[in-house]
Amino acid sequence: MAGIYIHIPFCKQACYYCNFHFSTSIAKKNEMIASLVREIEIRSLSSEKEISIISSEENIETIYFGGGTPSLISGNDINFIIEAVKRNFKISENPEITLEANPDDITLEKLNDWKNAGINRLSIGIQSFIEKDLKWMNRVHDAAQAFNCIQLARHAGFQNFSIDLIFGTPGLSDNEWEKNIQTGIDLNIPHIACYALTVEPKTILNKMIQSKKKENIDTDIQAEQYLTLMKLLNGAGYEHYEISNFAKPRFRSRHNSSYWQGKNYIGIGPSAHSYNGEMRLWNKANNAIYTRSIDENIIPFEKENLTQSQVLNEYIMTSLRTIEGMDLDFIENKFSIDQRKRIESITKKEIESEKVFFRDNKIILTNTWKLFADGIAVKLFV
């Protein structure tokens with residue numbers, strides 16, 4: 001089984017904490033949609049592994065529209081892309097087809113268009129239900145729209161959807177964060193993804209912090225708010241199936257789960273990444289270079305051939321983030337008994353310090369240490 005990620009490189013949002021493309025003319029958008037469809041065709045026809053990524057026998061079980069603001073393109077455009085995928089690849093019987101959307105883009109008319117186009121899951125960038133928090137993040141939508149878009153989605157018949165919430169923003173009190181979480185619980189949201197605010201280089205937020213115009217983040221507060229998050233959502237019946245992701249039964253994100261399970265996926269569009277277990281590839285980010293190359297039937301990408309050590313390290317990193325944990329039997333069968341013994345030896349100290357525990361030949365992070373998963377994973381790297 002494999003997935004396809006469609007990167008839509010347009011964004012009208014000028015968030016402080018991200019660095020993205022901005023919206024462009026209708027003509028440029030149409031050109032980009034045509035290029036995305038052409039890339040799908042090029043990949044399906046190619047016999048080169050670094051182009052096709054997956055075998056012709058593999059089923060596509062998930063399609064994910066992400067990137068900047070996919071909800072800026074029309075239902076017709078979405079349908080045009082989905083139909084191109086169906087023409088050129090084998091599709092599973094009930095594929096998960098997700099669209100990322102901002103609350104201010106969501107109307108009943110658009111929701112109906114997306115549903116008719118084939119979208120059956122939404123990922124909504126709520127970020128917060130608190131007005132001052134949204135203003136701090138420079139979001140376009142307000143708290144009223146955050147509430148309203150959920151009701152509209154349900155009214156349009158979407159039962160499978162996720163919201164994003166961000167914690168650890170300066171000025172967000174513990175009580176306010178609890179209120180955000182409880183709001184998601186009270187609204188019976190099927191899937192909630194929560195992320196600590198990070199400060200990336202070359203973003204507006206980073207520049208404002210450096211110039212003392214914005215307060216810096218406090219990692220101790222973020223850790224406390226993460227513990228609160230786990231306590232409240234676990235208590236409300238959500239399955240904490242990945243470090244940042246919580247789902248009601250049967251509402252896990254199948255697409256994101258495929259990343260953590262090491263399944264193959266194809267990235268379509270500028271800056272989109274692909275993976276097939278042996279190599280990692282990424283399209284060039286420049287829109288003009290991308291569309292010009294596609295016009296010449298060339299996918300402008302760079303690649304990295306992965307060593308066995310890199311594949312193992314990636315498995316360690318991703319598996320430790322999941323509820324299932326790191327499977328020692330899998331490591332022995334895919335890599336070697338020596339690697340299994342090496343990891344078992346190292347993790348003895350982590351078990352003694354209650355950072356991880358051992359169950360069914362799997363190593364799993366304790367709740368307290370989930371926020372530090374990357375640091376623990378690095379200790380186990382080859």
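A residue is called buried when its relative accessible area is under 20%, exposed when it is over 50%, and partly exposed in between, with a 1.4 Å probe and protein chains only. The structure is a predicted model, in which local features need pLDDT of at least 70 and side-chain atom pairs count only at pLDDT 80 or more, whereas totals for chains, interfaces and linings use all residues. Residues are numbered from 1 along each chain as its sequence is written, and side-chain values use heavy atoms, with hydrogens and water left out.

Helices (H or I, at least four residues) and strands (E, at least two) are DSSP runs numbered from the N terminus. The buried residues of α9 are Q222, A223, Q225, Y226, L229, M230 and L233. Seen down the helix axis, these buried residues fall within an arc of 165° (that of the directions from the axis to the C-beta atoms), so they line one face of α9. An α-helix has 3.6 residues a turn, so residues three or four places apart point the same way. The buried residues of α9 are covered by elements including β5 (161-167), α7 (174-186), β6 (191-196), β7 (239-242) and β8 (245-247), with contact taken as heavy atoms within 4.5 Å. On the face turned away from the buried side, α9 carries the exposed residues D220, K231 and G235.

In helix α11 (residues 287-295), the buried residues are Y290, T291, S293 and I294. Their directions, seen down the axis of α11, fall within an arc of 165°, so these residues line one face of the helix. The buried residues of α11 pack against α1 (26-45), β9 (264-268) and β11 (279-283).

Residue Q308 has its place in helix α12 and is partly exposed, with a relative accessible area of 49%. When residues up to four places away in sequence are not counted, Q308 touches K334 and F335. Although Q308 and R292 are 16 residues apart in sequence, their C-alpha atoms lie 35 Å apart in space.

Helix α12 also gives the most to the lining of the second largest pocket, with 4 residues. By class, that lining has 7 nonpolar residues (Ala, Val, Leu, Ile, Met, Phe, Trp, Tyr, Cys and Pro), 5 polar residues (the others, Gly among them) and 2 charged residues (Asp, Glu, Lys and Arg).
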